[in-house]
Amino acid sequence: MQNIIGKVGTAETTVNDRNTALAVGSGNLPVFSTPMMIALMEQAACAALEGELEEGMTTVGTKISAEHLAATVSGKITATATITAVDGRRIDFEVTATDNVGEIGHGTHSRFSVGTEKFMAKATERGQ
């Protein structure tokens, strides 16, 4: 997967009553929430990997470090993830989020490629 460095993925959402800090419990204001910004960044990372994984494989997020820099109360939010490194099963990304004015957040994210069946079997076993 070394040749995927530099590949970019994006994900978009619109600020609404379900993704505010007030709605998700991460604060008491009707502004786009940090947890939803992070989820959108992860969606963008997954989009960057579309078509790159072997059949039966997926990725799971293992680390994210993000700063939420600006509040947004309405409009479209776009997250972008750029693959910066591949080390074995680990894939690293630079992630950003923007609204119609400019950047609202940025950070780094790591995902690991895993076999779907084996991963779910271990997760199920752990949950019992």
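Q: Which strands does helix α3 lie across?
A: This is a predicted model. In the model, α3, which spans residues 116-126, lies across β2 and β5.

Q: And at what angle does α3 run to β5?
A: The angle to β5 is about 95°.

Q: What order do the strands of the sheet have?
A: The order is β1-β3-β4-β5-β2. That is an open sheet of 5 strands, and the pairing is antiparallel.

Q: Which are the edge strands?
A: β1 (8-14) and β2 (57-68) are the edge strands, since each of these pairs on one side only.

Q: What does the twist average from one strand to the next?
A: The average is 25°.

Q: What holds paired strands together, in general?
A: Strands of a sheet pair through backbone hydrogen bonds, in either a parallel or an antiparallel way.

Q: Back to this one. How many bridges join β3 to β4?
A: There are 9 bridges between β3 and β4, and the two strands run antiparallel. They form a hairpin with 2 residues between them.

Q: Which residue in that turn has a positive phi?
A: Gly88 does, with a phi of about 65°.

Q: What stands opposite Ala79 and Thr82 over in β4?
A: Ala79 stands opposite Ala97, and Thr82 stands opposite Glu94.

Q: Ala97 again. What is the bridge partner of Ala97 in β5?
A: Gly105 is the partner of Ala97 there.

Q: How many bridges join β4 to β5?
A: 9 bridges join them, with β5 covering residues 103-115 and running antiparallel to β4. This pair also forms a hairpin, with 4 residues between the strands.

Q: New topic, the largest nonpolar core. Which residues touch the most other members?
A: Ile83 and Phe93 do, in a core of 21 residues.

Q: Which elements give two or more residues to this core?
A: Those are α2 (34-48), β3 (76-87) and β4 (90-98). The largest share, 6 residues, comes from α2.

Notes. Residues are numbered from 1 along each chain as its sequence is written. This is a predicted model: local features need pLDDT of at least 70, side-chain atom pairs count only at pLDDT 80 or more; totals for chains, interfaces and linings use all residues. Side-chain values use heavy atoms; hydrogens and water are left out. A nonpolar core is a set of buried Ala, Val, Leu, Ile, Met, Phe, Trp, Tyr and Cys residues joined through side-chain atoms within 4.5 Å. Buried means under 20% relative accessible area, exposed over 50%, partly exposed in between (1.4 Å probe, protein chains only). Two strands pair if DSSP finds at least two bridges between them. Axes are lines fitted to C-alpha atoms, for helices over the stretch in contact, and angles run from 0 to 180 degrees between N-to-C directions. Contact means heavy atoms within 4.5 Å.
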